[in-house]
Amino acid sequence: MHWPIDLIVLTFVIFCAIAAISVKDLLGTAILFGAYSFMMCLLWAIMGAVDVAFTEASVGAGVSTVFFVAAVFRTSRRTKD
Amino acid sequence: MTDLLPLIVAKYNYWLYVILMMIGLYAMIAKNNLIKKVVGMNIFQTAIILFYLSIGYKKDATLPIVEVGHEGQEAVVRALDYINPLPHVLMLTAIVVSVATFGVAMALAVRIYQRYQTLEEDELRMRLSEE
Amino acid sequence: MKFLGFIVVCLTGALLLYGTGQFPAWGDPGSPASTHLSNYYIEKTVEQTQVPNIVTAVLADYRGFDTMFETSVIFCAGLTCFLLLRDFTEKKERFYRHRPTGVILHVKDSEKVLKVGKEFEHIDKDFVPSDLIIKTVCRILIPFIQIYALYVVAHGDFSPGGGFQGGVIFGSSLILLAISYDLKTLVERIKEKVLGIFAAVGVLIYVGIATICMPMGGNFLNYGMLAPLLPGDPRHVRALGMLGVEIGVGLAVMAVMAIIYINIVSEGRHDEGL
């Protein structure tokens, strides 16, 4: 494992997490959360946990985002914080 | 300075995991919107999963998939050559349970919105005290 | 509240950062987590089960109970979404589209049902004309996604993958069908009852394979006892048992993902959605 790649992806993960909880549009949160999950999946693949990374790519970045968008579609998109 | 650098290289991953975990915890405590709280919970979960997986990592080791020799000649498997598979198994189950809880949380959010027409915590509390 | 939360978070974070000082160094092969049980798994898995992917072997064989109850957790999640959201009341208003002219009819009387066929089609409230490119691409893509999902389930023993991943990919192919066409297409192709039965049968396959081991003379979930029932080399019997279990998990996960999506997106009425 090369530590520069690890550090760069980890920084991206933290940025995505902060952005996901601070944007005021829930659809934006859904997309940023999908990006966060995918970055996390990359991090796990770098660490050698291929099974877990595969699961996260299909579950976290795929189906979770779809559930999120479906829930936002049926509720409101705006939020105060 | 010379003995600080190895410490940073050995531990910076753990520090960043703690920061990530705290972002999730802050979202769960301070955010007003219920869906934002669920996102915070998911960030917390993934940070813990990340921490577990990093415990299983070994230097100079390969993926936990054994190269099987041809029939009859099975090589001796050395534990030091493979990454610890046990955290992977535990966290695989954790991820799948997390998507189940996420789905149920979204269903609850839709149900709350149907009844109260809001997902903001303070407005919800107001509506509940009116009843 | 925000300030208080920030203080709590900072305190917890400081305590955890202080705790990291005691951790073993990054990637240390001699750390406590990597010295006891996991070495046994790494060294004995191929010898005992003939499965190269250690993660799958530990997941489905050594820790079979864990995975079994996890499958039931997934099943319960699907059941919870159904019970929370399912709404059997028929909607009063309906929307139809006259195919040749494109005129949209808004029927408010619930008694009056137009016949859906060559002339009229049933549409959603916020109707968007379907995009030919999206429809065609998805129609071509979906079978390949499904075959890939089956590949992932079948090759869970040898490469990354397994029942959960394959099930989720298969479920997302169904969701893609619902998104590219409309929700009615999916609900008509696969009835709600069929999805429910799939979810239950998936758990049943897992528990069934585990239970068959008992009359054969072994413990619950001891796949080694299935050797007289299965063809082929008796050394591979544990791998075959794991494959059967993974198929059960995949079925349950696939059905539950579709159930959760359909219920959330249509608020439980199964009529219109994304």
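These notebook entries record what I looked up in the predicted model of this complex.

**Ground rules.** I number residues from 1 along each chain as its sequence is written, and I letter chains from A and number ligands from 1 in the order in which they are written. Since the model is predicted, I kept in mind that local features need pLDDT of at least 70 and side-chain atom pairs count only at pLDDT 80 or more, while totals for chains, interfaces and linings use all residues.

**Confidence.** For the complex I noted an ipTM of 0.92 and a pTM of 0.91 from the predictor. I then turned to pLDDT (the predictor's confidence in each residue, from 0 to 100), and found that chain C has a mean of 88, with 99% of its residues at 70 or more. Among the elements of chain C, the lowest mean pLDDT, 76, belongs to strand S3 (residues 120–123), and the highest, 94, to helix H8 (residues 192–212). I reminded myself that where pLDDT is low, the predicted coordinates should not be read in detail.

**Chain C as a whole.** I listed nine helices and three strands in chain C, where helices (H or I, at least four residues) and strands (E, at least two) are DSSP runs numbered from the N terminus. Read from the N terminus, the order in chain C is α-α-α-α-β-β-β-α-α-α-α-α. Its C-alpha atoms fill a box of roughly 75 × 65 × 35 Å along the principal axes. The radius of gyration of chain C, taken over C-alpha atoms, is 25 Å, whereas a compact globule of 274 residues would have one near 19 Å by the rule of 2.2 Å times the number of residues to the power 0.38.

**Where chain B meets its partners.** Between chains B and C, the contact takes 43 residues from chain B and 49 residues from chain C. On the side of chain B that touches chain C, H3(B) gives the largest share, 16 residues.

**The largest nonpolar core.** A nonpolar core is a set of buried Ala, Val, Leu, Ile, Met, Phe, Trp, Tyr and Cys residues joined through C-beta atoms within 7 Å. The largest one has 134 residues, of which Phe67(A), Val256(C), Tyr261(C) and Ile264(C) touch the most other members. Helix H9 (residues 237–265) of chain C supplies the largest share of this core, 22 residues. Beyond its neighbours within four places in sequence, Tyr261(C) is in contact with Val66(A), Phe67(A), Ala70(A) and Ile175(C).

**A look at Cys16(A).** I placed Cys16(A) in helix H1 (residues 3–22) of chain A, and Cys16(A) counts as buried because it has 20 C-beta neighbours inside 10 Å. Leaving aside neighbours within four places in sequence, I found Cys16(A) in contact with Leu32(A), Ala35(A), Tyr36(A) and Met39(A). Cys16(A) and Gly34(A), 18 residues apart in sequence, lie 9.2 Å apart in space, C-alpha to C-alpha.

Note on methods: Two residues are in contact if their C-beta atoms, placed from the backbone, lie within 7 Å. A residue is buried if 20 or more other C-beta atoms lie within 10 Å of its own, exposed if 12 or fewer, and partly exposed in between; C-beta atoms are placed from the backbone.
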